[in-house]
Amino acid sequence: MKILALTLQTNNLKATEEFYSTVLGLQLVEKTERSLSYAVHFSRLTFELTEAEVCPTYHFAFNIPLNKMQEALTWLSTRVQLILNEDQKQIVDFKDWKAHAIYFYDANQNILEFIGREGLQNNSAKAFDTDGILCLNEVGIVTEDPLKLAEEILGKTKVNYFDKGPKRSDFVVMGDDNGLFVISTVHRNWYPTSHQAQKYNVGVAIRVGVNNPCDYQLEFNDGKLAVLL
């Protein structure tokens, strides 16, 4: 599964643009009075303006070359607020997932992640910079019943459960190393923070399959799969 596009909400487009254009240096490909869109190689990240008093906060991840974790940490350390895990480590080793990750906040307190995965075999010889942010790799979805939502996604898109787990009543992961839905129950903390998961609108475009790929456009409203094209 590849994440082709991700659409999120923000109540502060100015701070959002400053962060993604200047801090991360992503390519702004479209700007209107009510939205911003960035190219992340084949992925597209869009923020749409909401009038909500409290800014929605999401969790999502970018893939980077696995061998560039330390370089990426150095690159990030002067740009963002890093998030340490419970062991006060800046780079988290997910042994079961065969992956390493760095967590940080954006200007609106979204919980972002750089993740490198052994299974993708995407090591790079180039010094890490913005171009090393390869694509969107994970998106967090929040719902009352993660297993129920996961079964609905499976039935309509053939995206299966992640073979490295987990599959629990409060937390389910679907997809593969190329792209994941990280589905959490409401009020569960987003790792490695104390920020509780909340239901916000999310739009996701995905590509499933290799030889005969199918594209799907999904919208999640109030924790439910509202639209699928």
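The model is predicted, so local features need pLDDT of at least 70 and side-chain atom pairs pLDDT 80 or more, while totals for chains, interfaces and linings use all residues. Residues are numbered from 1 along each chain as its sequence is written, and side-chain values use heavy atoms, with hydrogens and water left out.

**Stop 1: helix H1**

Select residues 13–23, helix H1. Helices here are DSSP runs of H or I with at least four residues, strands are runs of E with at least two, and both are numbered from the N terminus. Colour Leu13, Thr16, Phe19, Tyr20 and Val23: these are the buried residues of H1. Buried means under 20% relative accessible area, exposed means over 50%, and partly exposed lies in between (1.4 Å probe, protein chains only). Why do they share a side of H1? They cover an arc of only 160 degrees around the axis, which puts them on the same side of H1. The arc is taken from the directions from the helix axis to the C-beta atoms. In general, an α-helix has 3.6 residues a turn, so residues three or four places apart point the same way.

Now turn to the other side of H1, where Lys14 and Thr22 are exposed. Go to the start of H1. There a side-chain oxygen of Asn12 reaches to within 3.3 Å of the backbone nitrogen of Lys14.

**Stop 2: ring pairs**

Show the rings of Phe, Tyr and Trp (for Trp, the six-membered ring). They pair if their centres lie within 6.5 Å; planes under 30 degrees apart count as stacked, over 60 as edge-to-face and the rest as tilted. By this rule there are 14 aromatic pairs.

Pick Tyr20 and Tyr38. Their pair is tilted, at 5.9 Å centre to centre with 40 degrees between the planes. Tyr20 lies in helix H1 and Tyr38 in strand E3 (residues 35–40), so the pair ties together parts that are 18 residues apart in sequence. Tyr20 is buried at 0% relative accessibility. Tyr38 is buried too, at 0%.

Next, pick Phe181 and Phe220. This pair is edge-to-face, at 6.1 Å centre to centre with 70 degrees between the planes. It links distant parts of the chain: Phe181 is in strand E12 (residues 179–185) and Phe220 in strand E14 (residues 214–221), 39 residues apart. Phe181 is buried, with a relative accessible area of 0%. Phe220 is buried as well, at 1%.

Finally, select Phe60, Phe62, Trp75, Phe104, Phe114 and Phe128, which ring pairs link into a cluster.

**Stop 3: the spaces**

On a 1 Å grid over the protein atoms alone, a cavity is a set of points where a 1.4 Å probe fits but cannot get out; a pocket is an open set with protein on both sides within 12 Å along at least five of seven lines, and lining residues have an atom within 4 Å of a point.

How many cavities of 30 Å³ or more does the structure hold? There are two. Select its lining, including Thr57, Tyr58, Gly140 and Trp190. Strand E10 (residues 135–143) gives the largest share of this lining, three residues.

The second largest cavity holds about 30 Å³. Thr57, Tyr58, Ile111, Trp190, His195 and Gln196 line it.

End at the largest pocket, with about 330 Å³ of space. Of its 15 lining residues, Phe94, Trp97, Tyr103, Phe171 and Tyr191 lie nearest its centre.

Key. Grid points are joined across faces, edges and corners, and a volume is the space filled by probe spheres set on the points. A polar contact is a pair of N or O atoms within 3.5 Å; within protein, one must be able to donate a hydrogen and the other to accept it, and residues adjacent in sequence count only if both atoms are side-chain atoms.
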